[in-house]
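Colleague: I'm new to this one, could you walk me through it?
Modeller: Gladly, here it is.
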Amino acid sequence: FCSQPLSAGAPLPACPGGRWLWAQVSVCPLCSSSAESLDRLLPPVGAGRSPRKRTTSQCKSEPPLLRTSKRTIYTAGRPPWYNEHGTQSKEAFAIGLGGGSASGKTTVARMIIEALDVPWVVLLSMDSFYKVLTRQQQEQAAHNNFNFDHPDAFDFDLIISTLKKLKQGKSVKVPIYDFTTHSRKKDWKTLYGANVIIFEGIMAFADKTLLELLDMKIFVDTDSDIRLVRRLRRDISERGRDIEGVIKQYNKFVKPAFDQYIQPTMRLADIVVPRGSGNTVAIDLIVQHVHSQLEEVSPAALASAHQCHPLPQTLSVLKSTPQVRGMHTIIRDRETSRDEFIFYSKRLMRLLIEHALSFLPFQDCVVQTPQGQDYAGKCYAGKQITGVSILRAGETMEPALRAVCKDVRIGTILIQTNQLTGEPELHYLRLPKDISDDHVILMDCTVSTGAAAMMAVRVLLDHDVPEDKIFLLSLLMAEMGVHSVAYAFPRVRIITTAVDKRVNDLFRIIPGIGNFGDRYFGTDAVPDGSDEEEGGSAS
């Protein structure tokens, strides 16, 4: 190992063995005087620092996209799966965190997440992937006679498939493990792809295929006595175990497994962090290295990337008849009353949806008229039509869709712009079951950068809706948004009543229509600079 001392901000040293070791001189708490109690042995991590904000999603009610930021906007107002040209980005950066049980892996992971301070980080724990136990194994576990610290205790096939999907930006279902009953719960939690994925677990480096998915491998090296004390405190206070059972399990399974399976994987690590969460220098340097791997995208590059490009063939604009032009004149006028704004917006929505339905697949069919004559007509060739509105402005289009599509199903997606970062964040999702076979009408009243629309399309794709069965409908779009969506999803049909040329520095459409949600619902306008466009969506 390379053992030369480092300080925060120092460049990474060359290491002949291909590994780095950050070491700091310290005194083991077990060697200090009067270290009698568990709490004395284990002082709070980060003492003297401000409390950390919760940064990970632990239940279904929390948003699966985990981090917001005050730093550089890496994705420039768009989902992380696509770069400034709207094309597929490189895979997410995956960090593996290995180490013995209670070595502080989860704490180190959370400290890295906080210090990274970039949007969209997912923390994936190996503890979620314990195999389902047989009845006999359940009985053994109840008497502390089952080895949970053996590679065979984990479902590596599920781990690998889950990590692969996350790296590709796809959503995954992750099991929730109950350590009290040694079983998986019925509910699974959903995680979505991110810029950075942190995978932590005792056997994080125990599988060759899994190792190949990790871009950085970190081993958290903590003294065995400290790990035992931490395990005692955790299992007794959080998992309802007794001290005798914890010690029995530790001596019979945990310690031998560490010596046989876990400690040898230290040689596979790119980075070894002695003392775990107490080694802030190591964590700072890890964060610097990860930052160097992330590509920055400027808003200026985002805007210039789409200049001088013809509008895509997947775009269809409602014919600008005098009637359509007249309705646009009314709803664009700042002096228009709310009642008139709502009335003429609804008229435009109805025309837009009628126009969109003409792009659905139809097949020849013959029916008999009441006079007993055959009529050669057309029948809808799909299975079902589902509407999905991007809240809140998109829901205003639902009545028009229901008026022309009998028994249409409706889903909703809530995507909001983080006011500190300008990043779209997924906060709520409700989609009908078996949506993958449907033609989906995705509705948002205005689209400027296309960020929310792209995220919504990505969510639909993650639910197995074919790209060519998605129709994005909007009353008004900016050219930037049209190009972004079309370049990212070249088979999605884009349908609107008008396309405006520009967006301003706040990514508002120029000349535009104003904040559609505020004008339609009669809410107060959002102050300039907050850019909560379209009543909460980040389109």
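Colleague: How many helices and strands are in the secondary structure of the protein?
Modeller: The protein has 15 helices and 22 strands, where helices (H or I, at least four residues) and strands (E, at least two) are DSSP runs numbered from the N terminus. This is a predicted model, in which local features need pLDDT of at least 70 and side-chain atom pairs count only at pLDDT 80 or more, while totals for chains, interfaces and linings use all residues. Residues are numbered from 1 along each chain as its sequence is written, and side-chain values use heavy atoms, with hydrogens and water left out.
Colleague: And what share of the residues is buried?
Modeller: Of the 539 residues in the protein, 53% are buried, meaning under 20% relative accessible area, with exposed being over 50% and partly exposed in between (1.4 Å probe, protein chains only).
Colleague: Switching topic, which cysteines form a disulfide?
Modeller: Cys365 and Cys379 do, with their sulfur atoms 2.1 Å apart; a disulfide here is a pair of cysteine sulfur atoms within 2.5 Å. The pair links distant parts of the chain, since Cys365 lies in strand 10 (residues 362-368) and Cys379 in strand 11 (residues 374-380), 14 residues apart.
Colleague: Why is that disulfide right-handed?
Modeller: The torsion about the S-S bond of Cys365 and Cys379 is about 85°, so the disulfide is right-handed.
Colleague: Is Cys365 buried or exposed?
Modeller: Cys365 counts as buried because its relative accessibility is 18%, whereas Cys379 is partly exposed, with a relative accessible area of 29%.
Colleague: What about Cys445?
Modeller: Cys445 counts as buried, at 0% relative accessibility, and Cys405 also counts as buried, at 7%.
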